[in-house]
Amino acid sequence: MSIFPEDDRPKPKSVHEIGQDLSTLSLGEIDERIAALKAEIERLIETRSRKDASRSAADAFFRKPA
């Protein structure tokens, strides 16, 4: 157990926050954020696919015979 509560730890700075003002960003910064968001979307899609497959397998296993 840590001496310091987890809430006191510095939070990592996110690459992008939804709704953030974009007017001060350079083209390179925008491209970096687009790449990061695309990678996150892909990660979400893959995770959703795995969870859907797991749920389908569980549904098939626990389905009552007709």
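How much accessible surface does the protein have, and what share of that surface belongs to carbon and sulfur atoms?

1. Surface. The accessible surface comes to about 6700 Å², and 58% of that area belongs to carbon and sulfur atoms. Accessible areas come from the Shrake-Rupley method with a 1.4 Å probe, and for residues only the protein chains shown count as cover.

2. Basis of the values. This is a predicted model, in which local features need pLDDT of at least 70 and side-chain atom pairs count only at pLDDT 80 or more, while totals for chains, interfaces and linings use all residues. Residues are numbered from 1 along each chain as its sequence is written, and side-chain values use heavy atoms, with hydrogens and water left out.

3. Overall form. Along the principal axes, the C-alpha atoms fill a box of roughly 60 × 40 × 15 Å.

4. Burial. Buried residues make up 3% of the 66 residues. Buried means under 20% relative accessible area, exposed over 50%, and partly exposed in between (1.4 Å probe, protein chains only).

5. Arg33. This residue lies in helix 1 (residues 27–62). Arg33 is buried yet has no salt bridge, and the nearest side chain of opposite charge, Glu29, is 6.0 Å away. A salt bridge requires a side-chain nitrogen of Lys or Arg within 4 Å of a carboxyl oxygen of Asp or Glu. The side chains of Arg33 and Gln20 are joined by a polar contact of 2.7 Å. Leaving aside residues up to four places away in sequence, Arg33 touches Val15, His16, Gln20 and Leu25 (heavy atoms within 4.5 Å).

6. Glu17. Glu17 is found in the segment before helix 1 and is exposed, with a relative accessible area of 51%. Its C-alpha atom is separated by 9.8 Å from that of Arg33, 16 residues apart along the chain.

7. Salt bridge. The structure holds one salt bridge. Arg43 forms a salt bridge with Glu40, with the closest N and O atoms 2.8 Å apart. These residues, Arg43 and Glu40, are separated by about one helical turn because they are three residues apart in helix 1. Glu40 is partly exposed, with a relative accessible area of 32%.

Methods:
Helices (H or I, at least four residues) and strands (E, at least two) are DSSP runs, numbered from the N terminus. Lys and Arg count as positive and Asp and Glu as negative; His and the chain ends are not counted. A polar contact is a pair of N or O atoms within 3.5 Å; within protein, one must be able to donate a hydrogen and the other to accept it, and residues adjacent in sequence count only if both atoms are side-chain atoms.
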